[in-house]
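Here is a walk through one protein chain and its ligand. Start with the site, then step back to the fold.

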Amino acid sequence: MAITEFSLIARYFAQVGAVRNDVVLGVGDDAALLTPPPRHDLAVAVSTLVEGPDFPAGTAPGRLAYQALAVALSHLSAAASEPAWLTLTLCMTKANEDWLKAFSDCLDALAKGLNIRLVGGDTTEGPLRLTLHAHGFVPTGQAPEPHLIRPGDLVYVTGTLGNGELAMLAGQNRRQLPDEHIGGLHARLQQLEQRIARGLALRGLASGAFSRVDGLAKGLSQLLQPARSGASLVAESLPLSPTLARNLQGADGCITAILAVRDPELCFTVPPAGQAELESRFAELAEGCTCIGAIDERPGLRCLLTDGARLEIVDVPG
Ligand code: ADP
Ligand code: MG
């Protein structure tokens, strides 16, 4: 007998994640009722995965849960926020209980480990796609905001550049995160925890920040566009992923790293006055951050190569 929408939600989504006392009403009610802490801003970030463009049919449900969460949390980290709640929109052709169980078990384990709660969502019929909203908090005034960016601010990245971008090497446009990014549940959880911690380290210090899911070049261009400023990066300082470094050197490696997408890591800017404090915060974490250049007044994105040549990555006419 086909499972009804009501029992499907009760079975697979009613108890996902940690119990939190700031959830007054959660899954089961028309609207979730939530209590944000006083004097905090609410950060909201979304990640959508569509079968076809974003992942091939037959992708393991646990992998999708991880991937959707990793992307949404990466965006939330760019607001230096601590995640608290999730909402999920799930669209699937017909209820497949094995799929649902594997998906919700994985989401539950990750959400419990991160102390976050699934508080609502919607379930509809159609081609497989999922949208995960992550909600979190940051003390008011402590999140990076692009209007704070000034020429001279230093540009940093977390993690390495190009891990998510084996696609370019393979000549494909789209590809999932490589296996080395995934690992078992414990490794996934640890990776998410560490990324959240890196976002929290930006509080009160970073002027701007973005998730590199859409790539360093695109993110930097978007971040700097309102102020009509630019950035100069230094090729030598780019932390290329080991795979990228093995396969491409020189200007090719540099361009690939800068254009690479699907790295759920951060890029952020920090005024020179905050550099020492920022680096000491990161020294306490499992993984540091790397200064790759600085903001300058001239629009566009440039990279200084090791031979002294200057590569214009995104050239904005003056
Ligand atoms: P119906 O479509 O039958 O009216 P709703 O869409 O109102 O039901 O969903 C019933 C409850 O279940 C709501 O509290 C909603 O937030 C929750 N819900 C529905 N789908 C999901 C889902 N995929 N994940 C989490 N909560 C869900
Ligand atoms: Mg519904």
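Sort side chains first: Ala, Val, Leu, Ile, Met, Phe, Trp, Tyr, Cys and Pro count as nonpolar, Asp, Glu, Lys and Arg as charged, and the others, Gly among them, as polar. Keep in mind that this is a predicted model. By that sorting, the shell around ligand 1 holds five nonpolar, four polar and three charged residues.

Now put names to the shell. The residues around ligand 1 are E5, I9, F13, V27, G28, D29, L88, L118, G120, G121, D122 and T123. A residue is listed if one of its heavy atoms lies within 4 Å of the ligand.

Next, look at the polar atoms. An oxygen atom of ligand 1 lies 2.5 Å from a polar backbone atom of D29. For G28, a polar backbone atom is 2.8 Å from an oxygen atom of the ligand. On the nitrogen side, a ligand nitrogen atom is 3.5 Å from a polar backbone atom of G120. On its own, ligand 1 has 540 Å² of accessible area, and the protein covers 72% of that.

Where does the ligand sit? The space that ligand 1 takes is the largest pocket. Two elements, α1 (5-12) and β5 (117-125), each give two or more residues to the shell. The largest share, five residues, comes from β5.

Finally, step back to the whole chain. Its secondary structure comes to nine helices and 13 strands. Along the principal axes, the C-alpha atoms fill a box of roughly 70 × 45 × 35 Å. The radius of gyration is 20 Å, which agrees with the value near 20 Å for a compact globule of 318 residues.

Technical notes:
Residues are numbered from 1 along each chain as its sequence is written. Chains are lettered from A and ligands numbered from 1 in the order in which they are written. This is a predicted model: local features need pLDDT of at least 70, side-chain atom pairs count only at pLDDT 80 or more; totals for chains, interfaces and linings use all residues. Side-chain values use heavy atoms; hydrogens and water are left out. A polar contact is a pair of N or O atoms within 3.5 Å; within protein, one must be able to donate a hydrogen and the other to accept it, and residues adjacent in sequence count only if both atoms are side-chain atoms. Accessible areas come from the Shrake-Rupley method with a 1.4 Å probe; for residues, only the protein chains shown count as cover. On a 1 Å grid over the protein atoms alone, a cavity is a set of points where a 1.4 Å probe fits but cannot get out, and a pocket is an open set with protein on both sides within 12 Å along at least five of seven lines; lining residues have an atom within 4 Å of a point. A molecule sits in a cavity or pocket if more than half of its atoms lie within 2 Å of its grid points. Helices (H or I, at least four residues) and strands (E, at least two) are DSSP runs, numbered from the N terminus. The radius of gyration is taken over C-alpha atoms; the globule rule is 2.2 Å times the number of residues to the power 0.38.
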